[in-house]
Structures are given as C-alpha cells and as structure tokens.
Amino acid sequence: MSEMTLVEAVNLALARALADDPEVVIFGEDVGVNGGVFRATDGLQARFGAERVFDTPLAETLIAGMAVGMAAQGLRPVAEIQFMGFIYSTIDHLLNHAARLRNRTRGRLSCPLVLRAPYGGGIHAPEHHSESTEALFAHIPGLRVVIPSSPARAYGLLLAAIRDPDPVVFLEPKRIYRAVREEVDDDGTALPLDHVFTVRDGSDVTLLGWGAMLQVALTAANQLAEEGIEAEVLDVATLKPFDTATLLESVARTGRCVIVHEAAQTGGFGAEIAALLAEHGLLTLLAPVRRVTGYDTVMPLYRLEDHYLPSTAAVVAAIRETLEYA
Amino acid sequence: MDDHDVGGDSARLRYLDHEGAIVKPLPGALANRDLLIRLYRAMTLTRTFDAKIIALQRTGQIGTYASTLGQEAIGVGLGSAMRREDLLLPAYRDTAAQLLRGVTLCEQLLYWGGDERGSDFAGPREDFPICVPVGSQYCHAVGVATAFQLRHQPRVAVVTGGDGSTSKGDFYEALNLAGAWRLPVVFVINNNGWAISVPLERQSGTTTLADKAKAGGFPGVRVDGNDVIAVHAVVGEALDRARAGDGPTLVEALSYRLGDHTTADDAGRYRDPDEVSRHWAEDPLVRLRNYLVTGHGWRKDDEESLLEECSATIEAAVAEYQAIPPAAPEAMFEHLYETLPLALVAQRDDLARRLRR
C-alpha cells in the first residue's frame, strides 16, 4: 500500500495488467521510450519490452483500427490517444467496428480493446486539449465509457477495463492526474464496471459527478456540511452502461438531485441522468433536478477556462436552490 | 485499351489474353488441369450465384447486394492462393473471395438477406465480416498482421478494397504502418474503374494505384484482374514474401465493373453503355474457358454439367436460406456485450413484453 497520484495509479494498473496477462499490449504515440506525454506509461517499455509496449506512427485512426484487428485476434490492446481532442477520427472504428463486431458476427469475433485518453480542462493546455466530450461515446451501443475520479478508482477501474471482454473508452481526468494523492494497494483487484460509487453519505441531496468534477462536488459537499447540509456524493465512474439503481435508491432517500459535469450542457450525460430520474424517480423528487455544467459554447482558450468549468460556488448555489423547495 | 487506364500505363502481369491464348508461359504449379478447372468452377459458381442473388433482390426476396459481375477472377485468384490459416478482411464486393475461403452460399444469402447470422462463418472462423464503411478494413488488417508478427506466426492478412477506397485516409495510414513495420499483409485493390459514379481519373493523381505502395515503401504490382491465373500467381508471390518476413505488397488488379454498383444503383445514369459493352470482351470466364477448351480438352458437356452442378448447388443453398426463420427479436440483445449489462436487461424485457402482447 502506498500513496500515489492518479497518473501513477494508471501506470501501476498498466504494469499489473502487462505482468498478469501476456496478451496485453500497450501502444500509441510516444508511449514507448518517452513513457507518454503525461508519463502514464513511464518505464513500461524498459520493463516489459518493445513487443509489449510500443510507439505507433502519428495516426489516431490507425491506432483505433489496428486495435480492432489485434483485439479480434485475441490480444488485449490498450491504446493511448494522446489527448481527447485527437480522438474524433477514431469514432468510425469505435462505432462501426469495435462496438459491433461481437454483435455482427453473433459472438464469433469480439473486440476486447481499451482506448485511453486524457480529457477535460483545468490545466491551461493549448487549443483542442481541454474538451469533455464523453457523451459522444456514451451514445454508442456496445461500448463502455469509464472515467476514474481518484487514484484508487483509476487503478481498479483500468484493470477492470483491460480484463473486460468488450471495448472500453477509458477517459482520464488530466486536471487531477497529479492534484490528488491516495493510498493504492497493488493487489490486482479490479473494481466493478457498470457501477456508481457512493463516495460520501448524506441525506439532504444527491450530488453526481465524474472525473475532475468529483473533487469539485466533494469540496462543495464538505463546505455545506459545515452548515449541517449533508450531500450524498456519487461517483458515476461508468457512464455507459449506467447504474440506474444506485441513482434511484439515493434520490429516493434525499429527494433532490444535482448533476455536475464540465461537458457542454445540451445532450450531455447529465441530460440522460435527469431523463432517467424523470422516467423512474419523478415521484420521489422534492425539487427540480439541477445541472451544473459547462456552457454550450466552444471551450474557451485557457485564459477564460475557469469561467467555463463548473466551480465549487456554482455547485453550492445549485444545491441551495434545490433545498428551497420544501 | 482500358478506358479507365489512367496515364495509359497498361503494364501488368497477364498469362492469357482476352481470347484465352497464352501470352506468357504459365508457372509450373499453375499448368495444372485440376487447379485450372477448380478456378473455373469457382468463377462459374460465383457468376451464377451473383445472378441468382440479383434475381432474388429484384423479386423482393433479398436486400441490397453488391454484384461481382466481371470481377470474379480477383476473388477466386486471391482466395485460391491463400492458406487456410491466413485471414481475409473483405470489402463488400468479395462474393468470390469469401466462397473460396469457405463462407457458405447460405451464409452469404443470410448476410445480404439482413441477418447477422450470415457473418457467423462456420468455416473461416477468424476471417473478418464484410466491411461496409469503405476503407476501415485496411487498418484492421494491419492490426491483424501486427498480431501475427508479435506472435511469430507464419500467417498473412489479406485485405481487399476497391479503387475508390484508395482515396481514404485509412488506406494511407495502413500502408504507412505496413511498410514501416514490414507487416505480413497483402493489399488487393480491385480497380474496376468506378467508385459508384466517379471514374478513377477523378479519384487519383497517380498513374497507377500500384504506385500508392511507394508511400508505404514496399512493392506495388499490377495484374490483369480478369486473368485468374495471373491474380493467383501474383497474390501467391505476395503471400510468400509476407510469410517469409519480407513485408507487405500492394496488388492492383485491373478489372471492370460490368454491373451496377449495387442493386440500388443505376449505372446508366453516369456510364456510357458502349464502354460497358467493350469490357464484356474481356470477360474473365470466357478467357479461361477458351484456354481450357484449346489447352485442356474442356468439352461442351463438361461445361453443361458444370452449369447444372452450380445451379443445383445454388438452388439447394437458396432453399436452405429460405427455410431459416428470422432470429427471435431478443437476439439483438444477445451478442451486444459478452454479458448483457443490467442497464439493458430492462430494455430487453420491454421488448419481450411487447412481443407477448
């Protein structure tokens, strides 16, 4: 057991997966000698060799497409897309191929690949490096979309993603790659996918977030606790398939729900959560569901990004509003 | 002279001319009556099957289909050159190649008839299903070839596509990797002159499509795609090279799309009928038949019994296909994930409830 950052936990999970399963291979741009631009694969090529951890040409479409071919052959490809801003050309391979290969061959072929990418804002990165477009992937049948929000969950969820027999898009909140430290036990234990984690108990309001926004949610919850308002904080972790039961169970107790995501509001995953509540939990609600999200604008360059990203104050204000309903 | 022969470079490997006369001595292994008859039988079966599927489509008994008419020699040539342990990643005009790989007629009917079970091949279990989004298959093929290389397996990935697919980024990204890593992969381009309605000269600035291999740093060769012997020989050499660790080859097989793009297309809107008529003179079946008649004593009754046998095989497959009822509607949930997630159980149960009503 040792304390580490989220990106170190990613590295630890990758190393564990490479050690445990000879079919696991890691590739992408600069993941070899350089260890990845965020050092997520640091030291892995030296330890496991260039046949297990290797650099590809600078070609994202190819990276996703070759992962499909390798996965269909029974390898466990874990491919890195350097930034989420460069992931869009992979969508043909994810949507048309990875996510439907099992279905279209009636289980004859499958596609157990993991596509990792750092995502989200908050680190003053260049243009195209700060967006949160997880909802695009959550719309694709046959995919899993997983987002860790702490070092321990990064370790356990990444191991689960690599061991999963189906394709997983694994998005890493780069804003908290090094901002949070946590004890991680390298015991090879995977966390469950398709599971919403309750990270803070509370009875007054249900507060959902994922990725870097979970820290914002927790800070807001701790702030309100000083006034005796107890928020139950849920880490969504797997957006697709979504764990509706945990959401409904929590809201049935609290009667209030606030959803936080840094992605743009319209068509964001918060809309799906709100719709599920409207369909299955409307009569347990005491107040309207509130979303605290990025604006429906182009993500601004970094001098303005703090005005775009949901703040603790905005989350606190949204919770207070829901509490105004008796 | 081929109308679509960009730049006028018609240098290509050919053993038989349009009339079926030998223009170059056959390699020893191909001067074999049994093999040639096997190739001729496969081309005849493909053409007869193709006509049957179109007839079924015209009478509403099957969905949209992409005909291989006039291009049978490409699929038969490459399919017959491959080893069982090799892997085919087909485009959607590969009826012949799939037949040679052991995909059954019934499976192909099921696929074009709108049933996923048609891609659950009983024979070539590792072959990819048909790739409809043009060009994606090239990236999958270099992934498969990477797996072969990492595992030190003497296997080759063979990927097919049309001339139009060479306009895609996926094609170039795959060529680039294949060359950089000397992957065991063979790219076979069916240059039939037309990408639906767009002729090749509007698609490519290179003199030949084989030239595209230069971007990958490996050989590109041109072959007469209507000469099954030449296709078999060229693909066979490319497979040997790849298997020996000498890297990829791009094969440009020159042919012509005698039919419409698919049954949903009407090529009369954009193509001169005289051009089509001229290309009938290059029919790959006639060519090999003439050679078999003059060189191997192929007789009229041999031809008639072959046609009868093909028709009987096809009729049996159509009967088999038509006897298979549609899958249960819940089947759409069955292979989405290995284990259906809880989030989808409710949707499947909802469908089941609607069905019971």
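I looked up Thr206(A) and found that its bridge partner in β11(A) is Glu232(A). The model is predicted, so I took this pairing as a computed one.

Strand β10 of chain A covers residues 205-209, and β11 of chain A covers residues 231-235. They run parallel and are joined by five bridges.

Next I placed both strands in their sheet. I read an open sheet of five strands in chain A, in the order β9-β11-β10-β13-β14. Its pairing is mixed. I noted β9 (197-200) and β14 (290-294) of chain A as the edge strands, each pairing on one side only. From one strand to the next, the twist averages 25°.

I looked for a helix on these strands. Helix α10 of chain A, residues 269-280, lies across β10, β13 (257-264) and β14 of chain A. I noted that α10 runs at about 155° to β13(A).

I turned to another sheet of chain A. Seven strands form this open sheet, and I wrote down the order β3-β2-β4-β5-β7-β6-β12. The pairing here is mixed. At its edges I found β3 (53-55) and β12 (238-240) of chain A, and each pairs on one side only. Neighbouring strands of this sheet are turned by 20° against each other on average, direction ignored.

Strands β6 (residues 144-146) and β7 (residues 168-173) of chain A run parallel, with three bridges between them. For Val146(A), I found Phe170(A) as the bridge partner in β7(A).

Note on methods
Residues numbered from 1 in each chain as written. Chains lettered and ligands numbered in written order. Predicted model: local features only at pLDDT ≥ 70, side-chain atom pairs only at ≥ 80, totals over all residues. Heavy atoms only, no water. Pairing = 2+ DSSP bridges. Helix = DSSP H or I, 4+ residues; strand = E, 2+ residues; numbered from the N terminus. Axes fitted to C-alpha atoms, helices over the stretch in contact; angles between N-to-C directions. Contact = heavy atoms within 4.5 Å.
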